[in-house]
Amino acid sequence: MIRLIWLRKNLFNNWYNSLLTVVCFIFLFWLFQGLAIWLVTKAQWQVISVNLPLFLVGRFPQNLYWRIWLVLGISTILTAITGGAFTKKAIFTKRNSLIFGFVIGVLLLIIPLPLISRLSLLLITGLLILGLIIGQKFAQIITPWLSWIWLLSFPIIIWLIGGGLGLQSVSTNLWNGLLLTLLIAIISIVLSFPLGVLLALGRTSNLPVLRWFSILYIEIIRGLPLIGILFLAQVMLPLFLPADLRLDRLLRGIVGLILFSSAYMAENVRGGLQSIPRGQIEAGKALGLNTPLLLTLVILPQALRAVIPAIVGQFIGLFKDTSLLSLVGLVELTGMARSILAQPRFLGRYAEVYLFIGLIYWLFCYSMSLAAKKLENQLNN
């Protein structure tokens, strides 16, 4: 009854709104009908099923896939513990458990993977559930140590991917597909955030040298296109280095993304700094806090909380900007899609390939958006 009242009030409250609603429904029905027919009868999804390992890990040696599964397991359980620690409501209600089990069962049936990979996915799912339960039950004990746990896990993940120290080394030229996209995005996000905060603080500093350096850096970088910075990092940077020093191409791409993103991050943080009332700063000084403590305990927590949507928007943009690295020779997810489309068997299958990688990008971006919304709600309560 309530839904009928809402429909009458918002969609059928007069004759022209009713006509517009009917026309829109007819158009949407026609659009989704055509899309459904194409998805089921005309699309050739073999291009995805045959090349799924290439999309995910590229040319990473197949006999070393177990290292990728270990990385996925470590990342999954840490993410689950973090999510559980910051979630107050019970996650696994009866309804949620049934939905979660149904979705996982369907995915295990339809994803074209070998039996060992399906079993590995089932194990990853178990780790996800275990991590969420641990995070919720021991939130007070785990929360203070989460940042240190993540910091310690990162070298282990890089060691598992790249090898060395007893493991077979894998060249960065073989780090492709979604693996490379996630690795570049995570490193760039983690490093550009503190650099952006420092630039924002430098721009608001009373020291003229520090303030003008920050202003020049921010304005120059923001005035350049990202693709230009990436080409400079790949082509021009080696010219300024000693002849015996050669930075890896992957490292140069990450440096370009960090330099670009930090300038925009600085402006987002500066907006938060300007929103802090002057009375907060004066109250902190009256309590005897020095400048580092004033920034750490009073100013930055309030400033960053005020600009969480803008910061997450910058993170999402940075994640999508990794697709430009395919133009400078790094075969990330978009570059791998172009390589797959060059296969004679799958020439012209642009719609299927780009729809698939578009879905991947949307899943990760929407997940970041949901996580930011939950964090914002937690901080506002």
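This is a predicted model: local features need pLDDT of at least 70, side-chain atom pairs count only at pLDDT 80 or more; totals for chains, interfaces and linings use all residues.
**A first walk through the structure**

Glu-219 is partly exposed, with a relative accessible area of 37%.

1. You will find Glu-219 in helix α11, which covers residues 208-222.

2. **The chain as a whole.** Stepping back, the secondary structure consists of 18 helices and 0 strands. The C-alpha trace spans about 70 × 65 × 45 Å along its principal axes. The chain has 381 residues, and 35% of them count as buried. Among contacts with a separation of 6 or more, 76% are between residues 24 or more positions apart.

3. **Surface and charge.** The accessible surface of the chain is about 23200 Å², and carbon and sulfur atoms account for 72% of it. As for charged side chains, 28 are positive and 9 are negative. The centres of these two sets lie 14 Å apart.

4. **A helix pair to look at.** Two packed helices are described by the angle between their axes and the distance between the axes. Here, the axes of α10 (residues 177-203) and α16 (residues 308-321) come within 9 Å and cross at roughly 145°. The crossing of α10 and α16 is right-handed. Which residues meet there? From α10 come Thr-181, Leu-182, Ala-185, Ser-188, Ile-189, Ser-192 and Phe-193, while α16 brings Ile-311, Phe-315, Leu-318 and Phe-319.

5. **Leu-165, a backbone detail.** In the loop between α9 (146-162) and α10 sits Leu-165. Although Leu-165 is not a glycine, its phi is positive, at about 55°. Is Leu-165 buried or exposed? Leu-165 is exposed, because its relative accessible area of 82% is over 50%.

6. **Thr-21, a buried helix residue.** Thr-21 belongs to helix α2, residues 15-42. Its relative accessibility is 10%, so Thr-21 counts as buried, the limit being under 20%. Once neighbours within four places in sequence are set aside, Thr-21 is in contact with Leu-11 and Phe-12. Leu-304 is 283 residues from Thr-21 in sequence, and the C-alpha atoms of the two are 42 Å apart.

7. **Pro-238, a buried loop residue.** The loop between α12 (226-236) and α13 (249-274) holds Pro-238. With a relative accessible area of 17%, Pro-238 is buried, because that value is under 20%. What does Pro-238 touch, not counting residues up to four places away in sequence? Its partners are Ala-233, Arg-246 and Arg-252. Ile-254 is 16 residues from Pro-238 along the chain, with 14 Å between their C-alpha atoms.

8. **Ala-342, an exposed loop residue.** To finish, look at the loop between α17 (333-341) and α18 (350-380), where Ala-342 lies. Ala-342 has a relative accessible area of 54% and is therefore exposed, as the limit is over 50%. Between Ala-342 and Val-235 there are 26 Å from C-alpha to C-alpha, and the two are 107 residues apart in sequence.

Note on methods: Residues are numbered from 1 along each chain as its sequence is written. Side-chain values use heavy atoms; hydrogens and water are left out. Helices (H or I, at least four residues) and strands (E, at least two) are DSSP runs, numbered from the N terminus. Buried means under 20% relative accessible area, exposed over 50%, partly exposed in between (1.4 Å probe, protein chains only). Contact means heavy atoms within 4.5 Å. Accessible areas come from the Shrake-Rupley method with a 1.4 Å probe; for residues, only the protein chains shown count as cover. Lys and Arg count as positive and Asp and Glu as negative; His and the chain ends are not counted. The place of a charge is taken as NZ of Lys, CZ of Arg, CG of Asp or CD of Glu. Axes are lines fitted to C-alpha atoms, for helices over the stretch in contact, and angles run from 0 to 180 degrees between N-to-C directions. A crossing is left-handed if the near helix is turned anticlockwise from the far one by less than a right angle, and right-handed if clockwise.
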